[in-house]
Structure formats: C-alpha cells, structure tokens
Amino acid sequence: LHVDLFTLTSSNRKCSAVTGSARKVRDNAADWHNLMLRWDRLTEEGVDVATSIVNTKSESLLVPEASSSSFSSPSSSSSSSSTQPAPGAAELQERCLRLLDIVEKMTAIVAKMERLAASQEALRELEEFRSGSAGGAAPLFHSWSAKQFEDTSQLLLSAFTEELKLKQVIVQELAHTASFDLSMVYLSCWLHQPNIPPQSRLTLEALLLETGHRTL
C-alpha cells in the first residue's frame, strides 16, 4: 500500500549546517513524510473496517431469505418480526462510526498538509524577497529552488485533498447502498486510492533526497 518509509524524529532534523529557510524546508519535508505515513496507516485500518461493513451487509441480506424458507407458525413469525431488530444492525452502525472516525482523522491530516503548503509558499516569497529573483532561484540544498519545494507541496496537497473527498463519499454511501457490486467498487476505491498515484510517492522520495533525509 505504501513504499518503505522510515520514521523521522527530532534527532533526524538536527543538522548544524542547515539554518534559516533551508532548516524550515527540511523540517517540513519530515512533516510530509510523517503525515503520509499516518495516512497510510489509517487507510489500512479503514480497509479492514470497510470490508467488515460489506460483509455484515451481505450477511444481513441473506437472513430474510433463510427465514422465508423455514417453517414457522404465523403467530410466532409475526411476534418475532415486531420485536427483533434488523440482523447485524448494531454491528453495522458501530463499524460505520469507526469508519467515520477514520475519515475525520484523515481530514485533520489534510488540514496539517494545507498548513505545510502555506508554509512553503511563505518561504518561497521570503526567498524571492531576499534574492530579488522569481522563485528564489538559488538552491536551498542541492538543486531545488524555493519554488520547486512549493510546487512539490502543492502537488502532494492536491492529491490528498481529492482522495479525502472520495473517502468522504465512500463513508457516506457504503452502508446505504443496496448493491453488493457497488459496495465492492467503494471498497476497491478505498484500497487503491485512485487520486494518489505512484508519482506522489516518488515525489515524496525526491523531497526527502533533496533535503538530506534520504541518501543515495
């Protein structure tokens, strides 16, 4: 589901040779890594919950068929239908709330990504002011200008913002659709995340390489 990532801590961020805007960009790169790692963990957790929702719905649809094929007296069937809750209703509600909680945590992650992107924009403006050149042309590390770091943040933010919108639709529709096939489509979309292409992961790796968090 995600590429091999490592955990970045405060000790990874300490570099006596990196100061000013470069230090802030390096810290932002670490934050991007950690937020994307948290997103991937929530996605994996959500796959399990969404699968259980689909399974619970499938089982509940089979119960009426089994009941109608069994023999029972009219009086017993009428009394049981009036007192018994829908099969799996409590479990379904609990799992839907769990999936909603996961999406809310993802919403918080995207909000933090928005702040990172805004930070990169401010750093680009600062470097432009300092250098007097568009985009802050001087490389902050190896070859990237401040504008390239801003563009990278915007690219990642756009991908995760669109994927969050899709997951918000899935969490609203998954428990209510009567079509098993459509439920499987929702489940597949949650798992494969069509709005976060492999290029996004490569972009993160390039960011980590440029800022010194990765080594060749």
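First, some housekeeping. This is a predicted model, so local features need pLDDT of at least 70 and side-chain atom pairs count only at pLDDT 80 or more, while totals for chains, interfaces and linings use all residues. Residues are numbered from 1 along each chain as its sequence is written, and side-chain values use heavy atoms, with hydrogens and water left out.

Okay, the fold. The protein chain has 7 helices and 0 strands. Helices here are DSSP runs of H or I with at least four residues, strands are E runs of at least two, and the numbering goes from the N terminus. Of the 216 residues, 39% count as buried, and buried means under 20% relative accessible area, with exposed over 50% and partly exposed in between, using a 1.4 Å probe on protein chains only. Now contacts, meaning heavy atoms within 4.5 Å. Take those between residues at least 6 apart in sequence: 80% of them join residues at least 24 apart.

On to the helix pairs. Which way do helix 4 and helix 5 run relative to each other? Helix 4 covers residues 89-131, helix 5 covers residues 146-173, and their axes come within 9 Å and cross at roughly 160°. The axes are lines fitted to C-alpha atoms, for helices over the stretch in contact, and angles run from 0 to 180 degrees between N-to-C directions. Helix 4 and helix 5 are therefore roughly antiparallel to each other; the cut-offs are under 35 degrees for roughly parallel, over 145 for roughly antiparallel, 65 to 115 for roughly perpendicular, and oblique for the rest. The contact of helix 4 with helix 5 has 15 nonpolar, 6 polar and 7 charged residues. For the classes, Ala, Val, Leu, Ile, Met, Phe, Trp, Tyr, Cys and Pro are nonpolar, Asp, Glu, Lys and Arg are charged, and the others, Gly among them, are polar.

Helix 5 also meets helix 7: their axes come within 10 Å and cross at roughly 150°, so helix 5 and helix 7 are roughly antiparallel as well. The residues making that contact include F149, T152, L155 and L156 of helix 5, and S200, T203 and L207 of helix 7.

T203 sits in helix 7 and counts as buried because its relative accessibility is 9%. Leaving aside neighbours within four places in sequence, T203 touches T152, L155 and L156.

Now the core. The largest nonpolar core has 42 residues, and W32, W39, L99, M113, L174 and W190 touch the most other members. A nonpolar core is a set of buried Ala, Val, Leu, Ile, Met, Phe, Trp, Tyr and Cys residues joined through side-chain atoms within 4.5 Å. Helix 2, at 20-69, is among the elements giving two or more residues to this core, and helix 2 provides the largest share, 13 residues. With neighbours within four places set aside, M113 is in contact with W32, L35, M36, L157 and F160.

Last one: S119, over in helix 4. Is S119 buried or exposed? At 18% relative accessibility, S119 counts as buried. Beyond its neighbours within four places in sequence, S119 contacts K24 and N28. S119 and K24 are 95 residues apart in sequence, yet 8.8 Å apart in space, C-alpha to C-alpha.
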